[in-house]
Amino acid sequence: MSLVLLPTDALIVVDVQNDFCPGGALAVADGDAVVPVINGLAPHFRNVILTQDWHPAGHASFASSHAGKSPFETTDMPYGVQVLWPDHCVQGTPGADLHPDLSVPHAQLIIRKGYHPTVDSYSAFQEADRATHTGLAGYLKERGILRVFVAGLATDYCVAWTALDARAAGFDALVIEDASRGIDLGGSMAKAWDDMAAAGVSRIRSAEIL
Ligand code: VGL
Ligand code: ZN
């Protein structure tokens, strides 16, 4: 199968940041392997959006903010169960920078998310309270985008939630599997692919686009 790209398509490159790559604070196994794949894909898209996880120090998603809690445990937040993470992607730190080899000079927008101290935001569209919007849906709609291709880190968290919310906002959504890598915590990879399939998110490989 081969996909023909249209001017109404956008590529959303999710959280390709140092902290999610080997050596980073919340390293995704093989995370930096997405960089050359995305660098090869991006020139085929007229519209590219980057995202950055962008937390204030002491963010509520950090285990260090909860006495007695360790990374990868959960806690109950007003908006539901929250996985607690190592401190990561703190605003303005090198860990929050985009990977130095990511080369997408024609990217048009960088969406930063997770900046409210008490609310996490895996999705580039909506925060974890499921009520606060980032503005991305409005931006894409005003620009006539109909279909989004999602890639980056991590498949089972920020990539999946972004793709699911893209569907909920009325966009066609495809996740590029080999341009993404996952964390896989307690079966989260299988669940994410199941949830995405159920929501009508297509699972594709970069070779289908190139
Ligand atoms: C992410 C966990 C915490 C992600 C962000 O980018 O998938 N995962 N913050
Ligand atoms: Zn985060």
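Reader: Which residues of helix α1 are buried, and what places them on the same side?

Author: In this predicted model, helix α1 (residues 34-41) has V34, V35, I38, N39 and L41 as its buried residues, where buried means under 20% relative accessible area, exposed over 50% and partly exposed in between, with a 1.4 Å probe and protein chains only. Their arc around the axis is only 165°, and they therefore lie on the same side of α1; the arc is that of the directions from the helix axis to the C-beta atoms. Helices (H or I, at least four residues) and strands (E, at least two) are DSSP runs, numbered from the N terminus.

Reader: Why is the pairing of K113 and D53 called a salt bridge?

Author: The term requires a side-chain nitrogen of Lys or Arg within 4 Å of a carboxyl oxygen of Asp or Glu. For K113 and D53 the N to O distance is 3.0 Å, so the pair qualifies. K113 belongs to strand β5 (residues 109-113) and D53 to strand β2 (residues 48-53), 60 residues apart.

Reader: What makes R203 partly exposed?

Author: R203 has 45% relative accessibility, and therefore counts as partly exposed. A salt bridge joins R203 to E177, with the closest N and O atoms 2.7 Å apart. Because E177 lies in strand β7 and R203 in strand β8 (residues 202-204), the pair ties together parts 26 residues apart in sequence.

Reader: How are residues numbered, and which atoms are used for side-chain values?

Author: Residues are numbered from 1 along each chain as its sequence is written. Side-chain values use heavy atoms, with hydrogens and water left out.

Definitions and conventions: Chains are lettered from A and ligands numbered from 1 in the order in which they are written. This is a predicted model: local features need pLDDT of at least 70, side-chain atom pairs count only at pLDDT 80 or more; totals for chains, interfaces and linings use all residues.
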